[in-house]
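Dear colleague,

I am passing on the structure below, followed by some notes on what turned up when I went through it. Please read the notes with the coordinates open beside you.

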Amino acid sequence: CTKDIIEEEPRGVFTPEFFSTELGVQGGLTYLYQNLRNVYGFAYFLNLGETGTDEYCAAQSADNNFYDLDLAGQGNLRPESGFSIGTPWGNAFPAINTASGIIENAAAVGLDESLIAEAKFFRAFNYFLLVQTYGGVPLDLGSGELAFNSSAVRTSVRNTVPEVYTRAIFPDLEDAVANLPESPRLTGAVTKNAARLILAKAYLTYGWWLENPNGIPTYPEAPRTDPDGNGPSYYFQQAYNLAVQGINNPGPYRLLDYFYDVHVATNDRHEEMMLYADRTEESQIYNGADLGFSGTENPANTAVWMVTSNYTTISVDGVAAVQREAAQSYGRPWTRMAPPISVFTETFAEKDLDSRYDGTFVTSYRGNWDKGGDPSPTLTAANGLEIAPGDAVVSFLDDYDPAVDYSVNGGNIGGGQIPGRSDYVINLNEINRRFYPGLWKLGTYRTDNGGGLGSPNGAITRPFPIAKFSEFYLVAAEAAVKGATGSFTANDLINVIRARAGMWRFDNGEQQERIEDNSAAMVAATPAVIDIDYVLAERSREYFGEGMRWYDLVRTQKWTEYASSYEIAGNDAADHNPETTNRTIEPYHYLRPIPQGQIDDLNMSEAEKAAYQNPGY
Amino acid sequence: QNTVTVSGTVTDASGTPIPGASVIVQNTTNGTSTDFDGNYQIEAASNATLEFRYLGFISQTIAVNGQSTLNVQLAEDTQQLDEVVVIGYGTQRKESVTGSVVSIKGDNLNEVQSANFQQALQGRAAGVNISSTSSRPGAAPQIRIRGTRSLSADNNPLIVLNGIPFSGGLSDINPNDIASLDILKDASATAIYGSRGANGVILITTKSGTKGQKATITYNTYYASKEVFAKFPMMNAAQLIQLRADVAANNGGTPLFGLAGDEYLGNDTDWQDELYKTGLQTAHDVSIQGGTENGSYNVGLGYFKETSVVPGDSFDRYSLRAQIDQNVGKLFRFGLNSVTNFNKTSSIVGIYQTLGASPLLSPYDADGNYLESVRLQTQADDAWIPTRDEVNRIGKGRVNEQLDFGTYNNIYGELQIPWVDGLKYRLNVGLNFRSARDGNFTGQGVFNYNPINPSSASYNSSIQKDYVIENQLIYDKTFGKHQVNFVGLFSSQNTEFDNVGLAVRNVPDETSLWYNLDAALSEDITDYGTGYSATGLLSYMARVLYQFDNRYLLTATVRSDGSSRLAPGRKWVTYPAVSVGWNIANEPFMDKVGWVNQLKLRAGYGETSNQAIAPYSVQGRLGQVNYNFGDTFATGYFVNQLPNPDLGWEFSETYNYGLDFGFFNNRLSGSAEYYITKTNDILLGLGLPSTAGVGSVTSNIGNTENKGLEIALNGIIFDNPDGFSWDVGVNVYTNRNEITSLASGQDRDEGNLWFVGSPINVIFDYERLGLWNESDPGFEYLDQYEPGGNEGMIRVRYTGDFNPDGSPTRVIGADDRIVQDPTPDFLGGFNTRLAYKNFDLNVVGAFQSGGILVSTLYSSSGYLNLLTGRRNNVDVDYWTPSNTDARYPAPGGIQSGDNPKYGSTLGYFDGSYLKVRAMTLGYNFDQSTLKDTWFKSLRLYATVQNPFVLFSPFHDESGLDPETNSGVNADGTRQNVAVNTNNISTGIPTVGANAPTSRNFMLGLNVTF
């Protein structure tokens, strides 16, 4: 019996052998979905996808995680730049490896072809995210190309960008399109059409890469030629064809009637949403993050906190008039990222016909002191007028009003007043890094507030969007702009999206019903010739703040052109004098640095390690 | 000539047997020594004379005169060192010890009365660093013997209770039960415990009875009242108002946070006064001890209770100790040592909210009544503020109850092998069982600003079972001037642990606390699970102690361990240890040097190893995650740790050199030691590159080194048993720790804060130089150093290059962080005793010179030094235009997150201090006074604990205790902070927002009947 003492019999833990059973393989698939949470909804991934673009810059409470990416001189983007730059790198490879494990073990355990296709979808999806973020990445994790790694390997060789696309992303996604079901196996599970959309986007992205209009360097160095001998236009056309196929064979998906409904939390998991990282309010365990008080650690969805300014300092009559509430316009304020002024004066210049400005931002902060337990029926606000709970306390003006008198420092947050209005007002071209419109579309939503403020410090329980049906139109339109042809022109495609954007059923800023059909006017305003700039502007209006912007600008090589400077006032709430901040965006920035942790963990020579890093870092 | 066999027992004046005493037939080379129980047997001529000698006692010569039994009582020679040291698997006279061992008697240990032996041990032994990681009652401090050596394996020493490795909670042992505590520090001493002793060994021997002793009853008790040593230095109303005004001044006239919510200018509430109460500490210990001709016993009962100054904090311990030792016939002996305890711990409220609460808020309503629930608003926060009154009012709305039951038993039998003189076999069976249960309940809206904050309750329970079976063969014999002691051991140990836990929200049945969790909806389960682990260790050990003529000493040990935690084929390891000693004072040539009583040189080398990694690390592991597909819940798996079929042992090699001395009739005695420990093949959760697709593998990688010097001195300055006497003891030590290499030649690992050439525990942060002032050289480039920076912001060292005009080539950034070594230059402790007639005065203290003290109270992770006026702030000397040489930055200046930029650097202080831990005045009643009473002895004493702190820059600034009060949680996150710190190694304890240190006033009584 004494010999047995030093033999281990694991109990209470799973060892990797479990992975070769059917339950283990199925658990592996669940992990692939769960792994999306580590990226989508993760606060610092939103930072990676937005800060430094024309959509966001560093806000008053930013730290180096944000300054580094803002490229405006306060930080230094480098391989040690926090968790932001490492998010895709750190999360994609375990998913890729698990997917490879499922694919290898699938036959042995008799797994259905459609389930293998799910694994292939995720392997490709993760490679696609990697190749867009860092350039070429390794296809061999230690046990052979696209093989499940079971060795403690501490070396790595990066493949080139075309190798990653043509050997991993395209074949896997083509299989996924062929074998995935039309309708999802479970709520939010991937389908044939979801695979089409990602594949179409991958073709589109690869087409741009081959074309390389602005001579941006790639790494590891590779000639801009396709191993299969095709040119950029071939891939633009493939992207177009597949996107149109997706539009024509929607399966369970469709474009919703109103943009507002795409983002109003009561309508989450709707038919337009094709892929998302799900969360739940129903169970803290399955939500994976604390429902009462959460940190920003994975897999919590806390992204919107970063772009929410600290509205809770709004004070009227000595009363905290707008308090933290677990509701879509409020939530937990971190004030780390702010939208520059051009977002409101250019991208969302049209605020009346187009419902997307109203359906994206928090444009009026409304009194909720009653929910916080203050019994005051009214407070004296701007111009000595009374406001009641639910009334606007501070509003951002749709249209510039030169008469705003900021000397009153209204609401203690720099609000001004204009005659006749009881709320304090701020011109959108006079916002600062301290107080600016929040991002309503991704806002907090809870059903357990019980008439009070609820638990605004808990992680957000909404699914975080990754891909929507609308993107088929924008991908096809972009491909058409790049020369692809077919049954729809770029104008046709863009106008579907714009016509929908003209449909109103509710005014978010005014918090009241608004039935309007501005579709015709929206279509009429579409330029006759759609160029890439117009597609990118539409994309920003459609997907603002969802973490896509940096990827869009890098794909189209428009980052430097769009984002080299921005305008916003300073860190003080009362500062309404915008200043221009310049960014230094170098060509090498179009690839993010490989995280230092990867380099440190490599057992390779210093020269090999240096060669592993993207040039410039 | 007639030869007779003489046998008997050698005891001291109190009847305690003296093991290892020499019995010599005068004028011959024939001699023996007494066994563990003081028994001897010797052949001698019937007219011979026997000489009985034992160090520390006055030798006696007795003529045999044909007798066959000679029991001898030796009188203590107070001039001599009399210590017997427990060295593991036996005892040894201190004079003969060749390894590095510190021995502390229970009486000395209990000069600082405390809940656990670690607190009592603080400052007592050179090389033993005790740092407090919590100020809550029942919390056990962290012990490091000669520093840390392992990066991610356990650095805790092995504790051996009555010969059996102890696996219980460190507060399970009642310090009043301890007879002696012996600390084995170097590898030659710890080698007998093999892999479990790599971080040092603490041997605890509980009190026992003695043979032939009349039954006595001892009762020890004390009661202490605990008052706050120092409140946290928070601002009062006027200071906070001034701070907000200064924020506004630095911010274009606008305050960041103004008077709002429930704040009123007329209030000036000291929220700490509303919270703290007087705590108590009390103990009652009763024991009965005695012995017969063939046996002894000691049975004790103890009760200990401690509460802190924070309401709701308490720790209760009930303990039972039983010791039996009995001879059966001449050859067989058996015994039992049992320690059983039951603890109850509770902690229900933190103090962060109290410290951060604005003094402009009031706990009273307009009519002057105490608010029912202290939920108050400021401009940016809704706060619930804990107060004494609120804790009392809430009653069962918030309950925490941790129950621990442990029983630690050693049963032994010993058989003298009749046909080989000096040989015996001993069987030790150790049986330990510990169960823990933690119940937690918070009612809806309780202790929360939100009245509908969901209720929550949890129940966690665990059971740990260990057994140890040790077979020992012991041979002990003296051949003339040669003394040999051999121990051979085969042992097997097994530990099994399992646990179960459940936590829910929205408990419908609040009166049931955590006893009706099934009433909650299943989706309200916030945590659930069970766990299990088992580990085993097989060992063979042999040790020889040899000495010649009390002059030349040798200890040699070899041990083989086989561990379940390591890979097949690498489970077994064998390692040697050897040490030698030379008692120079016993050399004939020293006879003439009368003032040297003891002089011994020691040198030792030993290897030990460490297997303290999680069980099943060899096997690899799957990570488990949960997900929801809409309303469908699912569990997923992925490989997060690869198997490592090569996982082997971590090794430490130690060289130890020591000098022990006693001069001037031992009135000056002490020891000095130097050691160097190199730890190789460190067990490490080795990060694989992300591209491997798997997070980590546990592997043998990396090396560390520890070097240190330890000096202990004891002086008897005055020595008059009937008049005035004065003893002083001081110990001073250093330990220098360094990582000498990491995986694959990497020289830094920023994520883990490991840097080759620096200690394992470091601070990796910017170096604060002061504040930026207009008059500073380079101020004109402020914007190039710090875009958006302002005068009065923190200035940190810039490590980059300069342009020809003197401006920096880049902004200050993460590249400017540097490694800072928090290791003190030296630290130590002192104790002194003054006695005059029946009075005695004891003072015990500890000190540290240099090093960095980290206080999260002042740093950005504490959120109490935001300098924005959002919450109450630590009262700090901050920059204003008229106070430019302040330590703290201009309030409302450049921020990073919610804190001043570089706010983390504000938490570093000079770690020097000297602290008097306890002063005790005692009175022993005269035997003559007690003659006609039931009392055999009676002592009364009064103690003040933590009376004062000197030479501490941190104390000078803050008024606080410079000893740490916060550690890290099991997941590595730091305790008593608002946000985690990632710039300080997790091995560094901090001063955070935990229950304040108390100053205790104690009255005690020791009686013997």
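In what follows, contact means heavy atoms within 4.5 Å. This is a predicted model, in which local features need pLDDT of at least 70 and side-chain atom pairs count only at pLDDT 80 or more, while totals for chains, interfaces and linings use all residues. Residues are numbered from 1 along each chain as its sequence is written, chains are lettered from A and ligands numbered from 1 in the order in which they are written, and side-chain values use heavy atoms, with hydrogens and water left out.

I begin with Val949(B), which is placed in strand β53 of chain B, residues 937-950; helices (H or I, at least four residues) and strands (E, at least two) are DSSP runs, numbered from the N terminus. Val949(B) is buried, at a relative accessible area of 7%, where buried means under 20%, exposed over 50% and partly exposed in between, with a 1.4 Å probe and protein chains only. Apart from neighbours within four places in sequence, Val949(B) is in contact with Phe229(B), Leu914(B), Lys915(B), His955(B) and Pro962(B).

Strand β1(B), residues 3-11, runs antiparallel to β4(B) and is joined to it by 7 bridges; within β4(B), Ala44(B) is the bridge partner of Val4(B).

Turning to chain A, Asn614(A) lies in the segment that follows α21 (606-612) and is buried, with a relative accessible area of 2%. Its side chain makes a polar contact with the side chain of Arg158(A) at 2.9 Å; a polar contact is a pair of N or O atoms within 3.5 Å, and within protein one must be able to donate a hydrogen and the other to accept it, residues adjacent in sequence counting only if both atoms are side-chain atoms. Residues that Asn614(A) touches, not counting those up to four places away in sequence, include Tyr134(A), Tyr219(A) and Leu591(A).

Finally, residues of α6(A) including Phe121(A) and Phe125(A) meet residues of α8(A), among them Ala194(A) and Ile198(A).

Best regards

Terms used
Pairing = 2+ DSSP bridges.
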